[in-house]
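Here is a short note on the model shown below. Please read it with the sequence and the 3D view open.

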Amino acid sequence: MFDPKAAFNVGMTETLRKTVEREDTVGNFSPALDQFLSTSACANTMIRMATDMVDRFLPEGIITVGHKVEIVHTAPSLLGVTVNYRIVLTGIDGNHLHFTFIGWDGLGEVCHGRHERVVLSHEALMRKAQERAGFLAGA
């Protein structure tokens, strides 16, 4: 059985430097806001960074899935501005991995948040999804 505490260390950190591009503004759903970094782009960056940090260490057949996301978008950042991001693995509770996240540009914080991922068997996930689909098909 896979042991997350043996594979990961609390305090693991990843950083990313990213320029706000047009696709980072798509989630705003408002033409008046299409030049601003979207909250959904901040959340997507957090999720991608957490996944990239841990999934490369997983054995075949073991995956992580998102369980919780909390994002606070604290300041606007415009198209073309460079935003720095940092994510830290802050805790391991059984098969639950806890992360904190922050994004900032040249003037200060842009966003921060928390994310939780669950380590599990891909086979078990598929079995559960198929079981749920069977119930729905019979309803």
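1. I71 has a relative accessibility of 23%, so I71 counts as partly exposed. The cut-offs are these: buried means under 20% relative accessible area, exposed means over 50%, and partly exposed lies in between (1.4 Å probe, protein chains only). I71 is found in strand β2. Leaving out residues up to four places away in sequence, I71 touches T39, C42, A43, M46, F101, H112 and G113; contact here means heavy atoms within 4.5 Å. The C-alpha atoms of I71 and R114 are 6.6 Å apart, although 43 residues separate the two along the chain.

2. A word on the basis of these values. This is a predicted model, in which local features need pLDDT of at least 70 and side-chain atom pairs count only at pLDDT 80 or more, while totals for chains, interfaces and linings use all residues. Residues are numbered from 1 along each chain as its sequence is written, and side-chain values use heavy atoms, with hydrogens and water left out.

3. The overall layout comes next. The protein has three helices and five strands, and along the sequence they follow the pattern α-β-α-β-β-β-β-α. Helices (H or I, at least four residues) and strands (E, at least two) are DSSP runs, numbered from the N terminus. The C-alpha trace spans about 45 × 40 × 20 Å along its principal axes. Of the 139 residues, 29% are buried. Among contacts between residues at least 6 apart in sequence, 67% join residues at least 24 apart.

4. What does helix α2 pack against? Its buried residues pack against β1, β2, β3, β4 and β5. The buried residues of α2 are A41, C42, A43, T45, M46, M49, A50, T51, M53 and V54. α2 has 17 residues and reaches 24 Å from its first C-alpha to its last, close to the 24 Å expected at 1.5 Å a residue. The expected span is 1.5 Å times one less than the number of residues.

5. Helix α3 (residues 122-138) can be checked in that way too. Its 17 residues should span 24 Å, and its end C-alpha atoms are 24 Å apart, which agrees. S121 caps the N-terminal end of α3, with a side-chain oxygen 3.2 Å from the backbone nitrogen of E123.

6. The largest nonpolar core has 23 residues, and F8, L37, I87, L89, L97 and F99 have the most contacts inside it. Such a core is a set of buried Ala, Val, Leu, Ile, Met, Phe, Trp, Tyr and Cys residues joined through side-chain atoms within 4.5 Å. At least two residues of this core come from each of α2, β3 (82-93), β4 (96-105) and β5 (108-121). With seven residues, α2 gives the most. Apart from neighbours within four places in sequence, L89 is in contact with F8, N9, V10, G11, M12, M53, L97, H98 and F99.

7. How many aromatic pairs are there? A search of the whole structure finds three. The ring centres of F2 and F8 are 6.1 Å apart and the planes are at 65°, so this pair is edge-to-face. Rings of Phe, Tyr and Trp (its six-membered ring) pair if their centres lie within 6.5 Å; planes under 30 degrees apart count as stacked, over 60 as edge-to-face, and the rest as tilted. F8 also forms an edge-to-face pair with F57, at 6.4 Å centre to centre and 70° between the planes. That pair links distant parts of the chain: F8 is in the loop between α1 (4-7) and β1 (13-19), and F57, 49 residues away, is in the loop between α2 (39-55) and β2 (62-73). F8 is buried, at 1% relative accessible area, whereas F2 is partly exposed at 22% and F57 is partly exposed at 40%.

8. The search for disulfides (cysteine sulfur atoms within 2.5 Å) finds zero. For C42, the nearest cysteine sulfur is that of C111, 3.7 Å away. C42 is buried at 1% relative accessibility, and C111 is buried at 0%.

9. Neighbours within four places aside, E116 is in contact with V65, G66, H67, K68, H96, L97 and H98.

Note on methods. Polar contact = N/O pair within 3.5 Å; in protein donor to acceptor, adjacent residues only side chain to side chain.
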